[in-house]
Amino acid sequence: LLSEDQHFIVSIDGIGGLGKTALADYLARQFIKSTRFDEIAWVTAKHTHLSMLGRLQIESGRPALTLPLLIEKLCTQFDLNPNSTSTHVQRQRLLYQFMKDRRCLVIIDNLETVADYRSLIPEIRQWQNPAKFLLTSRIRLISEPGVFSYSHKELEKEPALELIRQEAGRGGFTDLATAVDKDVQKIYEVVGGNPLALKLIIGQLRFYSLATVLSRFTSK
């Protein structure tokens with residue numbers, strides 16, 4: 001992302017809960033402190049909803065973030081105010097010129113479906129240079145030309161145990177927060193290093209014992 005002449009589209013991919021958004025947020029905050037980019041925009045593509053059973057449903061049949069919606073969001077964030085009667089093409093041209101005149105970083109978070117990529121990547125390829133794009137998704141774009149794909153991995157054991165203790169301390173579970181590695185490692189052996197899964201396990205300790213939580217987790 002710091003390079004001036006390559007990697008104009010960067011994708012952070014990985015399964016849900018690994019912290020892709022957190023990593024993108026961290027990078028954005030670092031760039032805000034620097035002079036690398038003149039403008040930084042953040043757009044979130046949400047494509048999930050809660051079902052009647054309390055489960056997350058993915059709407060994969062159509063793009064969650066269409067090109068007109070992306071243009072509208074970027075115009076708002078870049079404080080571009082086209083005439084209310086302007087057409088989509090006019091707004092698109094205005095945004096295109098703005099991004100060609102400035103070093104912009106556009107972060108598109110949760111761009112999850114194939115429909116999203118097929119509708120947006122051909123367009124943002126035209127906007128790149130000097131603008132850069134940072135995407136987060138569960139889909140790996142290694143086969144997409146011109147996209148640098150970085151796969152976000154699970155936490156290793158030591159940082160995972162540190163996160164478990166941190167979350168246990170925050171939740172008031174002092175016994176777990178101060179437990180020896182051997183006891184804390186039981187959670188890591190069952191759940192792995194997915195940060196969201198680890199947090200969900202700790203959160204359930206308000207209602208169940210650790211043995212019960214881990215048993216329920218392994219039985220699914």
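**Helix packing and salt bridges in the predicted model**

Helices H2 and H4 are oblique to each other, oblique being the class left over once angles under 35 degrees (roughly parallel), over 145 (roughly antiparallel) and 65 to 115 (roughly perpendicular) are set aside. The structure is a predicted model, in which local features need pLDDT of at least 70 and side-chain atom pairs count only at pLDDT 80 or more, while totals for chains, interfaces and linings use all residues. Residues are numbered from 1 along each chain as its sequence is written, and side-chain values use heavy atoms, with hydrogens and water left out.

Two packed helices are described by the angle between their axes and the distance between the axes. The axes of H2 (residues 67–77) and H4 (residues 114–127) cross at roughly 40° and come within 10 Å. Axes are lines fitted to C-alpha atoms, for helices over the stretch in contact, and angles run from 0 to 180 degrees between N-to-C directions. Helices (H or I, at least four residues) and strands (E, at least two) are DSSP runs, numbered from the N terminus. On the H2 side, Leu 67, Leu 70, Ile 71 and Leu 74 meet Leu 120, Glu 123, Ile 124 and Trp 127 of H4. This contact of H2 with H4 comprises seven nonpolar residues, no polar ones and one charged residue; Ala, Val, Leu, Ile, Met, Phe, Trp, Tyr, Cys and Pro count as nonpolar, Asp, Glu, Lys and Arg as charged, and the others, Gly among them, as polar.

The count of salt bridges is six, each being a side-chain nitrogen of Lys or Arg within 4 Å of a carboxyl oxygen of Asp or Glu. One of them joins Arg 125 and Glu 144 (2.8 Å, N to O). Arg 125 is in helix H4 and Glu 144 in the loop between strands S6 (132–137) and S7, 19 residues apart. Arg 125 is partly exposed at 28% relative accessibility, where buried means under 20% relative accessible area, exposed over 50% and partly exposed in between (1.4 Å probe, protein chains only). Glu 144 is also partly exposed, at 27%.

A salt bridge is also formed by Arg 165 and Asp 181 (2.7 Å, N to O). Arg 165 lies in helix H5 and Asp 181 in helix H7 (residues 181–191), so the pair ties together parts 16 residues apart in sequence. Within H5, Glu 167 and Arg 170 are three residues apart, or about one helical turn, and their closest N and O atoms are 2.5 Å apart in a salt bridge. Glu 167 is buried at 13%, whereas Arg 170 is exposed at 57%.

Definitions and conventions. Contact = heavy atoms within 4.5 Å.
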